[in-house]
Amino acid sequence: MIEKTTASQFGRWQSCVKTNCIYGADNACDGTPLRADVERKPPCRHYKNGCKQPAIAACKSNIKAEIRRRVR
């Protein structure tokens, strides 16, 4: 998905994750640290083979739909 996103779409995605993810920008959904000064955490309760948090899933779905419309 990220290869075809515009800067605006990527910014909306980042904002959505920072706003709705319990780990914010510090850890990935599986608990892996995204910065050197952060410790590993247990996987997020919404993480089941990808993020299933409703607001993040909706944002991702909207961006994918925009990409599909643009690519066609």
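## A quick tour of the chain

Among contacts between residues at least 6 apart in sequence, 41% join residues at least 24 apart in this chain. Keep in mind that you are looking at a predicted model.

Start with the whole chain in cartoon view. The C-alpha trace spans about 40 × 25 × 20 Å along its principal axes. Of the 72 residues, 22% are buried.

Next, select residues 7-20, helix α1, and residues 54-71, helix α2. Their axes lie 9 Å apart and pack at an angle of about 170°, so the two helices are roughly antiparallel to each other. Now show side chains where they touch. On α1, pick Gln9, Arg12, Trp13, Cys16, Val17 and Asn20. On α2, pick Ala55, Ile56, Cys59, Lys60, Ile63, Glu66, Ile67 and Arg70. Colour them by class and you get eight nonpolar, two polar and four charged residues.

Last stop, the cysteines. How many disulfides does a search of the whole structure find? It finds zero. A pair of cysteine sulfur atoms would have to be within 2.5 Å to count. Zoom in on Cys44: its closest cysteine sulfur is in Cys21, 5.7 Å away, too far for a bond. Cys44 is buried, with a relative accessible area of 8%. Then jump to Cys51, whose sulfur is 4.3 Å from the closest cysteine sulfur, in Cys29, again too far for a bond. Cys51 is partly exposed, at 27% relative accessible area.

Key
Residues are numbered from 1 along each chain as its sequence is written. This is a predicted model: local features need pLDDT of at least 70, side-chain atom pairs count only at pLDDT 80 or more; totals for chains, interfaces and linings use all residues. Side-chain values use heavy atoms; hydrogens and water are left out. Axes are lines fitted to C-alpha atoms, for helices over the stretch in contact, and angles run from 0 to 180 degrees between N-to-C directions. Helices (H or I, at least four residues) and strands (E, at least two) are DSSP runs, numbered from the N terminus. Angles under 35 degrees count as roughly parallel, over 145 as roughly antiparallel, 65 to 115 as roughly perpendicular and the rest as oblique. Contact means heavy atoms within 4.5 Å. Ala, Val, Leu, Ile, Met, Phe, Trp, Tyr, Cys and Pro count as nonpolar, Asp, Glu, Lys and Arg as charged, and the others, Gly among them, as polar. Buried means under 20% relative accessible area, exposed over 50%, partly exposed in between (1.4 Å probe, protein chains only).
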